[in-house]
Each structure stands twice: as C-alpha cells, then as structure tokens.
Amino acid sequence: MIKKVDKILNVCSFSFFDWDKINPAKGNNPNDPIDTFKKNNIIFGENGNGKSNLINIFKSLNGQDIELEKHWDYLSEKQEIKLILDNNSETFFINSEWSNNILHDKFIVFDKHFVDKYVHSLGPGDRDSSLRRQERGKNIIYLGNFASYNNEIDKIDTLKNTISEKNEAYLKGKEFEINTIISNKNITIEELQENKTKIEKLKENDLKNRKNKLEKEENKLDKISNALKEKDKIKELLFLDEIGTGFSLIAQMIEEGKEKEIEINPPEIFSFTTSKGVQATLNKIYHKKDFIKTGLSLLDSQKGICPFCEQKIKNGDYIQTIKDYQKIFDQSFAEEEQNIKKLLSEYRKVLEGIRDLQVSTKNKNIWKQIIQFISIDKELPNVFISDEDRDVIKNELSLILEKEKNILDEIRGTKIAQVRGIIEKTNKLTKEYNDLVIEINKKIKQLKKDMVEGKLVVQKSDIVKDISELDKEIFFIENKKSIKRYFEILKNYESNKKVVESLEKLFTLLKNKIIDEFNNFVSNYFSLIKSFVKEISPTMDIFEIEGESRYDRRSREATQCGFCIKYKGKECTRSLSEGEKQVIALSFFFAQLKKENNKKKIIVFDDPITSFDAGKRKSTAEVTQRETNDFGQLFIFTCDPLFREFCLNQFSDRNFYYIFKTKGSSSIHYVPKKRETIYDSFETDFKNMDSINGSNENVVIFGQKLRFCLETKIKEDYFGYSQDSLSNMIKQVSSKGKSKFDKLIDNKDMILQIYNYCNTGGLAHYPKDGSTSWNELKDKIKQYLDLDL
Amino acid sequence: MEKESKKEIKLIDLIKNQVKTDEKKLIESIDFEKNNEEIIQDLAKHNILNFGDSQNNDKKS
C-alpha cells in the first residue's frame, strides 16, 4: 500500500510538491488524525490540475512504458519522485529510473487506455480490432491463470523431453559398453536382444561341453573342406580291412567219420598218458558190452585181475579173449593219440595266432588318408599282446612242443587260465578294432555317396552355421554377466520409455483440458460482464455481450478473444451511446477485478463515469466499493463532484484529497471530513508568513494553499458544490447566512483578482519570468485573510 | 455477486480422473516447483524411473 507521495519535483505539472509541507502531519488535526493514504482514497480535481499526471506516475511504477516528462518551465532541472509505502519502504524516481520494482505490476488501472485496449475504441466507427482481440486473449490468459496452466503443460513437455533424452543417453552409453564387447564377435545389439531368452538359459557349467563340441565341429569343417577340395581322392578312398575273427579253444575234429566241435582242453591234452590212453580207449568202447563197462571201472584198481571175472589172469587163461580186446584197445588208443596230437596242433595255431596278431600296413595307410576327410573320435586300437602275455603264450607253445615230442608223457605247467584270459582280451580288442573299422567304412561309404549326390556343400554350410552358433553360445556364456547387465539396462530403458509415453499422454490431456478450461473461463467471464452491466445499468440487460474465443498455446498469437454487443442478434457496438459504452467498459473492468487472483493489487479508477447519469454514478460507486473491497488499495480519481460525493458516502473508511494546480505546480491536498480544520490550519500558516523564509519553494507551497482555501471554501461552503442533492445544496448555502453572501458579492472583484493571480496570473508563471515574489504573494494572502470568508 | 474463489487448483489435478493408476502415481510424484533434474530424482526415488544408479530406492536399500 502507498502511504504517501512524499515528493514530486519537476514531473509533468508537479514542478514542486512536498507532501509534508501541504498536508498536516499525523496528530496535528485531532478531528481526523489520518493524514496519509488509506486503503480507499478519493482524489478530486478538475481537468488540467494534474490527476492524469499522478496516474501516469502510478502507471510508470507499474512498469508501463510511460514517459514522465519534465515541467516545461524546468527542462534543465532534475526530476525526483519519492513514495513511502505502508511498511515505510521507499521508492525513488531519479534520473528517469525507479530505484526498485516494489510496485511493479501492482496496479490495475481503469482509464481510457484500458477501455481502448480491451473493450472498444472510444472513437467513432472503429470496430473490434485484431490487436484488441489478442490483448483480450492475453488478459484472459492472465486472469484465468492459464499462464500457470501453460507452465504446467510446458513442464510436462520439457520433463518428457528431458527424461527421453536422458533415457536415450542412458541406453546409448550402455550400448557403447556392450558394443565394445560384442563387436569383436560381429554380434549386433539386435541379435543380442533376439537371443535374450536363449542367453538367459545358458549355464556357465555348459561352457566346457560347448567348447569341446566346437572343437569337434571345427574339425569336421576342416575334413569336409578338405573333401570338397580333393574330390578325386574321395573317389579313390579305400575301405579298411577287418582283422581276423575271434580266437577260440574250439577245434573242428572228425570223430567216427563226423565233423565235431571239440573244445581244446590243454590240461587234459598235456596229461594224456598210456593209462589215460587206455582209459580213453575204454571210454570209447564201453557202450559195446555192459560187462566191459563194469570191467573198465575196475581196471585201474585191480591190475593183474580180470576186470570181468575177477580172477587172476594167469596161465593164458582167457588170453585169447584179452588179446581180442587188446586188439580193439590198440586201435582205439592210436586214434586217441592222434586226436591229442591234433588238438595240440589246434592249440598251437590259436596261440601262434595270438602271438603274431598285428594290424595290416594297408589299414594304416588307408587310415592316414581317411582322417583327412572324416572326423573320427577314436583312434584305431593297437592290436597286440603285452610282453607278459607273450611270455605266457611262449611258455604254452614250449609245452606243446615238449608234449608233441613225448606224447605219452604227462606235461605239467600249463597256464590255461591266463591263456583263456589272453584269448578273451585279444578277442575283445579285435572286436573293438573291427567295430571301428565297420563304423569308419560306413562313414567312407557315406562320404563317397554324399560327394556323388553333392550334399557336402550343404553339410559344410550346416557345420559353419553350427560352429557360428556354438561360438556365440560360448561367447554369451563367457560374457553373460555383462550381457545380463545390459538386459537389465534395456528393461529399465523400456520402463522409462513407458513413463515418457505416459507423460506424452498427460501432455495431450493437458493441452485439451486447457482449451476446455479456457472456453469455460471465457463463458463465465462474459456472464460476469453481463451481470455487471445489468447491475450498473439495469435497462441495458437487453443487450447480449459475447466473446468468440480461441486458444492455441503453440501459435504466435496463442489466444484471441472477440467482443461484441448485440441487440436482437445484430451487432450494435457502433450505435451504442457513450454512456452505454462506458457501462460495458466498466463491467469489463469489474469482471477483470472479479477474476484477478492477486488481491493485493492497487486499483486505480481514472474518472470512470464521465458520461453517466446520476443513477449510474451511484451504482458505480456502490459496485466499485464492493468489488475493490478485497484489494490492497483503491484510488478513485474524478472531476465529478457528484460522483465524488457518492464515493465519499459509499466508502466509510476512506481519505479524500483535492488535486490543485496553481500553474506553478500541481499539489495533492488532504481534505479532512471537517474541512474547517484544514482552512484553519492553512490560514494559521498564512498569519505566520512573516516568520517564514520567502524561498521559491514556499512561494509555490503558499500559492497552492491560497488557491485551495479560496476555491474550495467558496465552492464547497458557499455554493454546496459537493452536495448530492438540491436540498442539501440549499441547506449548505443557507447555512452560510446572508451577511456572508453579501460580503462575497461586495468583494467579488477582489476574490476574482486573487483567484486569477493563483490560476493564470503572477503565480502561473512563477518563477519563470520573476513576475511574482514572496512579498506579492504575501499581499494576496493578506487580501484573502482580510476578506474573512 | 459471489466472490470469485482464488484459483489454486492445478491443471494437472483436473485430468487426474482421466488417467490410469500408474499415471496418477506419476502425476502425484511430480513437484511442479522443482526443476526437471530434481523431479527425475524424485521419480527415481519412487521407482517410477530407473537409470540404474543410486537414486532408486531399491538400489539404496
């Protein structure tokens, strides 16, 4: 709140104004101690006295581009303005600049400029202009807090962009890291993403298996590449030979004219003796006679006793019979002996076969060829017996030799158990060998076939693919930690992206919402204007007041708001009277106050009622009081005495001021409710003039006081100038009494002479041409005092 | 005439009923008085954003 305009020097019509020298200090006027601006202030001044200049000072404080000119008589003098605010802070205007921005954007001024800017041209025939539509739009943006709404939208927009940029940078940074790892393997980020599930399933303990597999596949690739290079060699490739069949102690023997499989039993062979030969012979013939069977069972234990009759064989008894038998025995024995020899021979063959067992050189050569083209997991086994086994075989062969030399001698020392083990072992080895040979031969056969059918290229391509896959899998396992981290980042990135999408959605919703809100606001705003029109001028409610508006926050002219007044659907702005136009302009202003969010602002009315009748002046005073009640401070400037009185009556808590210009300078005069007190105060000053220094400043100050006393006293006290009704005016006039009026009439020439001196005479040009002086002013003041008005 | 109540509602509050729970949570985590970097930090604290740094609550704990 402004406490007072402490000083105005050389600004427009205020060539010299000092608040404290004109207005009584607090406490000097016991009837009305409030000597500074109040919340509500009514400032009365006739045209040309300096009201507009004071308003311009307020506008300049508000930040408007207003030039505060120097007084034309003091163009070389310095300017100065000093304002004191209610918190006793001060603001100065020195060197064409305000010392601070305390009051910047703190005023809302209703004046011709406001009307012209927002409502309509005051000149004739000027329709609503696009500039005015834009200004109105801007005003609505301000009043509806749409700038703050816009900030919210912009905030969401920039936040969205910031997050998006940050998210992209976040991913890019991490992609750079992972790229440095994967680029060596020619793996792309996209490939990594495509293989995400697979990579997540890969386990570290699979690494060794995969590496082995890779090695094999690479080996296969070498072979198949070789095969493709040397196709002729594949054609000529030979098959491996199997080695001899298994060793066995089963011999093929002919017995009684029939071929039979007989098991070679070395212990039995080596223990073949005469008795054993006989036994064997008897065994062969036992089935011929039962008694022989019985005899045979007794033959061993009863030597010299006939096995058949149990008598001693003596004296040729039964000799013939025995001889007959002997004959049979000899033949059988010889056959048995032959069998033993044959079995020994078979046994030797088996042993020698084992001893001499070895892989053919041919196979070795073929092997060297095929391993160039075929991958074989196993090596061909080395088929030979150990030295230990060789010794056993050698020993066994010696025993055979010995037995063959002495067929009927029992030979001891056979190691048949070990021999059987060696046979088994050797057979196993040869089987392994042959199995591998069969397997490899199959591969050779397949290779030849595939080559003929042209399948090798496809196979090579498949292997290359497999190798590539394996290679990548190994890479993925080895770098799983980094890749997993990248996937986490990717997940975060996608999640952040969703936030950006949500912000985009919010942004669109907000953009649509602000337009809804804008349209609602405009509709409500125009309803308010209409309601104010109805209140100030009830007869005008037949008019329709509309505003077509649009809002596009991104376009250069974000908002536009039309304004038209219609009567029976037809635009009628141009045919409105000045009074009607002013009602609409005021209503527009009151709607603005209603919508204003900052209620601390200072409201300034620059004569809002110039074309109003008494009714509208009264309703304007009422609405003004109500609608400005919540604001920080109010200044009503008027040149209309009736409106002034309506306002003085309407506002209980208010101060009243006059603005006068003595031509030397404008001045603001505080007017107490009981005006006599100010006259008394000034007239006391006049009486003490002899003790006051006659400086230029005092010439101006006392000149201002003189005019105030002379003019207001006569106008207000004698003629009831400020009374709102004729009866009050008559009451005021008659209260002065006839003798006072007689004196006024008798001294009219003197009064006019003093008034002219103040208004257009000597003081008017002071001190430009020195046409007046302190003494001249003192004379005029003395004349005034002598009048005793 | 009724006094106009001072506008304090934010535009963002006017669209709250048009958005999903996640978006509502997002709105409520945005302090319009703060700058973008501070808002991003707040969103990270609420685990709405994740830039893999210590701003996130779960990473802090």
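Student: Which strands does H23(A) lie across?

Tutor: H23(A) lies across E17 and E18 of chain A and runs at about 110 degrees to E17(A). The model is predicted: local features need pLDDT of at least 70, side-chain atom pairs count only at pLDDT 80 or more, and totals for chains, interfaces and linings use all residues. Residues are numbered from 1 along each chain as its sequence is written, while chains are lettered from A and ligands numbered from 1 in the order in which they are written.

Student: What makes a run of residues a helix or a strand?

Tutor: Both are DSSP runs, numbered from the N terminus: a helix is H or I with at least four residues, a strand is E with at least two.

Student: Why are H23(A) and H26(A) called oblique to each other?

Tutor: H23 (696-718) and H26 (748-759) of chain A pack at an angle of about 135 degrees, their axes 10 Å apart. Axes are lines fitted to C-alpha atoms, for helices over the stretch in contact, and angles run from 0 to 180 degrees between N-to-C directions. Under 35 degrees is roughly parallel, over 145 roughly antiparallel, 65 to 115 roughly perpendicular, and the rest oblique. The pair H23(A) and H26(A) is therefore oblique.

Student: Which hand does the crossing of H23(A) and H26(A) have?

Tutor: It is left-handed, the term for a near helix turned anticlockwise from the far one by less than a right angle (clockwise would be right-handed). H23(A) contributes Gly703(A), Leu706(A), Arg707(A), Leu710(A) and Glu711(A) to the contact, and H26(A) contributes Ile754(A), Tyr755(A) and Cys758(A). Contact means C-beta atoms, placed from the backbone, within 7 Å.

Student: How do the residues of that contact divide?

Tutor: Five are nonpolar, one is polar and two are charged. Ala, Val, Leu, Ile, Met, Phe, Trp, Tyr, Cys and Pro count as nonpolar, Asp, Glu, Lys and Arg as charged, and the others, Gly among them, as polar.

Student: Why is Ile8(A) called buried?

Tutor: Ile8(A), in strand E1 (2-11) of chain A, has 29 other C-beta atoms within 10 Å. Buried requires 20 or more, exposed 12 or fewer, and partly exposed is in between, with C-beta atoms placed from the backbone. Ile8(A) is therefore buried. Beyond its neighbours within four places in sequence, Ile8(A) contacts Phe14(A), Phe17(A) and Ile81(A).

Student: Where does Asp788(A) lie?

Tutor: Asp788(A) lies in the segment after helix H27 (774-787) of chain A. Its phi, near 50 degrees, is also positive, and with 9 C-beta neighbours inside 10 Å Asp788(A) counts as exposed.

Student: What makes E7(A) and E18(A) edge strands?

Tutor: The open sheet has six strands in the order E7-E15-E16-E3-E17-E18 (chain A), with mixed pairing. E7 (107-110) and E18 (666-671) each pair on one side only, where pairing needs at least two bridges found by DSSP. Within the sheet, E15 (602-606) and E16 (633-638) of chain A pair in the parallel sense over five bridges.

How values were computed: Contact = placed C-beta atoms within 7 Å.
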